[in-house]
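Please have the sequence and the coordinates at hand while reading.

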Amino acid sequence: MEVCWKDIEEKWRRKWFTEGVFEADPKSGKPKIFVTFPFPYVNGRLHVGHGFSATRLDVYARFKRMQGYNVLFPFAWHWTGEPIVGAAERIGKGDEKLIKTLKLIDGIPDEEIKKFTDPVYMASYYMKENKKTVMDMGLSIDWRREFHTTSHHPAFSRFVTWQFNRLRKLGYIVKGTHPVVWCPHCQSPTGDHDRLEGEGVSPELYVLLKFRCGDAFLPAATFRPETIFGATNLWVNPEADYVEALVNGERWIVSRLAVEKLKEQLKKVEPIRYIKGRELLGLNCTAPLTNRSLPILPATFVSPNNGTGVVFSVPAHAPYDWLALRDITNKPETLRAFGLNPGLVEGLKPISIIKVEGFGDYPAIEVADKLGVKDQLDPKADEATRLVYKKEYHSGILKDNCSSYSGLKVSEAKEKIAVDMEKQGLADHMYDLVENVVCRCGTRCLVKILENQWFLRYSDPEWKSKTKSLIMKANIYPDSARSFFLEVVDWLRDWACARRTGMGTPLPWDPSWIVETLSDSTIYMAFYTIAKYVNKGLVRPENLTEEFFNYVFLGEGSLELAAKMSSLDPGLVEEIRKEFTYWYPVDLRGSGKDLVPNHLTFFLFQHVALFPQELWPRGVTVNGIVKVEGEKMSKSKGNFVTLKHMIDRYGADAVRCTLMIAAEAMDDPDWRFGSCEDMREKLNQVFKLVNDIVSMEASSSPGHLEEWLESRLQRRVKAVTDALENLKNRTALEVALFEVWNDIRWYFRRSQKPCKQVLLEVAKTWVRLLAPFAPFLCEEMWAIVHGEGYVSKASWPTYDKNKVSYRAEASESLIQQIIEDLREVIRVMRKTPSKAHVYVASGWKWDVYLKALEASSLKEAMKMAAERANQLRVKDFKVLQKLVLESLAISSEEKELRVKAGIIDERAIVEAARDFLERELKVKVEVWVEENPEAYDPKKRRFNALPYRPALYVE
């Protein structure tokens with residue numbers, strides 16, 4: 001029976017929306033759950049990554065709703081910043097690459113793309129399209145609370161204005177001078193979400209060691225000034241453009257791009273002349289601190305885009321330096337090509353300056369050899385560099401040839417040497433980006449030291465401390481993400497919170513600036529409680545005054561003052577206040593791990609700053625990043641997978657289940673098209689099976705097999721519930737879909753006369769267990785099994801221990817084991833046998849086995865089993881050992897089952913299942929007890945029998 005997915009989805013989507021099934025209002029005395037998902041940007045279609053993160057939250061929301069909670073799951077849209085404006089500008093300039101992407105990946109018609117030069121139109125278009133996708137995906141959203149950001153939504157802008165005025169009043173926003181990632185075209189700081197490339201990259205401080213060359217200096221940028229004592233030469237890129245310039249009155253030679261960087265970092269830079277890197281080759285320079293004369297040599301690994309384009313070489317401790325030195329030593333023609341004498345490098349030998357446990361004198365050489373790094377262009381050189389630098393930083397000690405710094409730990413010497421050299425005029429510093437960063441407008445970014453800019457003081461120790469206390473108290477899923485958050489809090493610095501271009505809310509006290517994209521998206525969850533009234537027209541933007549927000553969110557001031565200043569009826573203001581206090585705090589917010597270094601941590605910081613502790617977030621969940629067929633998803637790679645196209649192709653439930661089964665915790669899920677195809681077929685099979693159960697004729701009364709099925713189902717209910725409580729969606733779905741399926745299929749295999757009465761109850765439970773994952777199909781199946789109302793609001797199945805039968809489960813476990821073992825014996829025989837003899841274990845073996853099951857270790861099990869064997873006067877220690885090993889070889893769940901089941905009558909169980917065994921195996925089955933001296937046992941196999949592992953003889 002093939003499911004008509006589109007018809008089913010449309011049917012239930014329409015019903016949910018028109019009947020407001022997921023609309024949630026405060027209900028006195030009813031416990032609530034408030035779940036939120038970071039509002040997505042509207043500069044493109046939603047992709048499967050959005051689908052993964054959002055569906056995880058929707059599964060939780062649906063689960064909690066079925067548990068009887070009053071659940072609010074709202075949705076909104078992010079228009080703020082450069083993403084939309086940057087895309088509109090690129091379209092206006094005829095950017096063929098972007099236009100092609102819009103056509104091929106997003107499926108946007110030409111006539112619409114022409115209108116995308118208007119960023120507001122573009123945002124509105126994608127918001128409408130993506131809302132349909134969210135609804136098609138089956139997210140259980142209360143759409144009455146929908147809104148979008150920026151000044152194009154005046155009510156939300158009033159909210160951001162209140163937020164920023166209060167942050168400034170409390171001292172969390174200050175004007176200062178800080179390095180920021182800067183877009184020269186937009187003339188603005190460029191936050192993570194305003195970037196095409198380089199999300200998460202921050203300015204890094206380089207030390208510039210000044211090597212004198214004639215009357216000029218070549219400043220070499222480094223993170224490791226302590227390695228100056230091991231310098232053997234300088235490297236420059238022979239094909240790069242360099243500039244001789246006056247920098248604060250001092251003559252420097254740096255790469256052309258470095259000049260532009262230095263200009264933005266409060267340095268006075270006056271270019272004198274432009275030169276090629278090859279013109280510097282063969283010159284000698286004097287190293288600072290050591291005063292050694294060092295030659296300047298060519299190296300292709302040196303990028304003029306990084307630092308100053310000048311690198312000093314420490315081949316003993318820097319793999320790239322060793323590889324480059326080895327390359328030109330082994331290939332003298334490289335030097336001759338630049339008119340250099342190969343003898344120039346003959347005397348250059350690595351200088352060991354750092355003692356590192358586990359390494360000899362030359363760690364860089366050892367690691368490069370161990371990893372098999374071919375040359376300076378081999379990607380493995382990066383790995384070698386990371387290994388050496390990490391080891392040396394954490395455990396390295398400077399040797400005796402390091403002047404007064406000898407004996408210092410590398411971690412201590414690094415900063416001390418940098419400070420000392422700057423004081424002596426031997427060094428300077430600059431900020432740079434360790435990876436390429438590109439603004440949404442398409443411009444390459446650099447670091448600018450920004451004066452008189454507004455910053456959020458995330459570096460404030462007291463604010464950090466409060467945020468850490470929130471992190472320690474909150475529910476973090478998985479718990480391993482807790483340390484991730486704490487690390488981010490530790491290294492987070494002040495954050496530029498405004499930019500010049502893009503869409504957004506004007507900075508209240510300086511409208512020439514706009515609140516940036518990662519700063520107006522931190523506490524907007526509170527606005528959901530107001531948005532419902534705004535969307536109804538009961539509250540207008542001008543009503544949203546400071547006094548109104550202070551009263552509604554914080555209980556400050558009085559109802560009378562809030563009503564007066566907002567020009568709203570006091571009853572309405574009080575209703576909104578109660579709405580907020582009912583829903584807040586946020587119970588769960590979740591997204592990908594890529595948002596931990598920014599949005600999710602900012603969300604915690606600002607709640608700590610603006611709200612009392614009882615309103616701080618209660619829970620955060622972090623998930624992995626979706627790959628596509630094992631590769632990182634990227635528009636440039638052409639493997640960008642939109643949710644719309646997947647839903648159209650496979651159906652929403654298949655997409656949801658494929659995503660949920662792909663990963664849990666912070667593991668990266670892998671989207672595979674074949675997996676989604678398989679999932680759709682599995683859901684088709686489930687639908688057919690439920691229909692088959694409903695169409696069955698009334699049959700036998702419940703018996704042993706029904707007792708087993710109901711017991712197994714209780715275990716599944718408990719496992720799914722426990723997993724969902726901890727947001728282990730993959731585990732929950734594996735149990736709910738596959739394990740319940742296997743149980744029902746086993747029941748049908750075992751039963752000659754299935755009991756419809758029991759199967760219908762099982763089906764009703766099964767449909768409810770699957771409902772959070774496959775809501776459309778489950779609504780349809782719920783109607784088929786005559787469930788009451790919507791399955792989305794049906795009661796979640798509760799674990800009933802009274803329906804658990806350990807003996808029934810143990811009995812079927814025995815039968816399954818016998819079938820598995822007999823199939824293996826028959827497979828090895830490679831011919832069809834005529835008869836199978838099954839020998840069940842003696843009573844004393846059961847006695848010893850159950851005693852061993854109580855142990856938690858091999859040593860304890862051997863001791864307990866031996867004690868019991870001695871009591872029974874059993875001397876067969878070889879069998880004893882087998883019993884113990886068998887007791888330890890099973891899962892904890894199976895062990896609990898067997899302990900609670902106690903001794904089971906294996907002979908009676910196998911005899912009762914004899915017809916089934918013969919039907920399954922197509923062989924005559926005889927059952928014997930081990931102690932029976934009359935048993936047919938030509939090979940003496942019966943003495944090998946163990947509890948749950950009868951001995952077998954096939955002929």
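Leu-289 is placed in the loop between strand S12 (284-286) and strand S13 (293-298). The model is a predicted one, and in it the phi of Leu-289 is near 75 degrees, a positive value in a residue other than glycine. Leu-289 is partly exposed, with a relative accessible area of 26%, a value that falls between the 20% under which a residue counts as buried and the 50% over which a residue counts as exposed.

A positive phi, of about 55 degrees, is also found at Gln-187, which is not a glycine either. Gln-187 lies in the loop that runs between strand S3 (173-183) and strand S4 (188-189), and with a relative accessible area of 42% Gln-187 is partly exposed.

The other topic is the cis peptide bond. Where in the chain does Pro-478 lie? Pro-478 belongs to the loop between strand S20 (475-477) and helix H15 (481-491), and the peptide bond that leads from Tyr-477 to Pro-478 is cis. Tyr-584 and Pro-585 are likewise joined by a cis peptide bond, and Pro-585 sits in the loop between helix H19 (570-583) and strand S25 (588-592).

| Cis peptide bond | Omega |
|---|---|
| Tyr-477 to Pro-478 | near -10 degrees |
| Tyr-584 to Pro-585 | about 10 degrees |

Key
Residues are numbered from 1 along each chain as its sequence is written. This is a predicted model: local features need pLDDT of at least 70, side-chain atom pairs count only at pLDDT 80 or more; totals for chains, interfaces and linings use all residues. Side-chain values use heavy atoms; hydrogens and water are left out. Helices (H or I, at least four residues) and strands (E, at least two) are DSSP runs, numbered from the N terminus. Buried means under 20% relative accessible area, exposed over 50%, partly exposed in between (1.4 Å probe, protein chains only).
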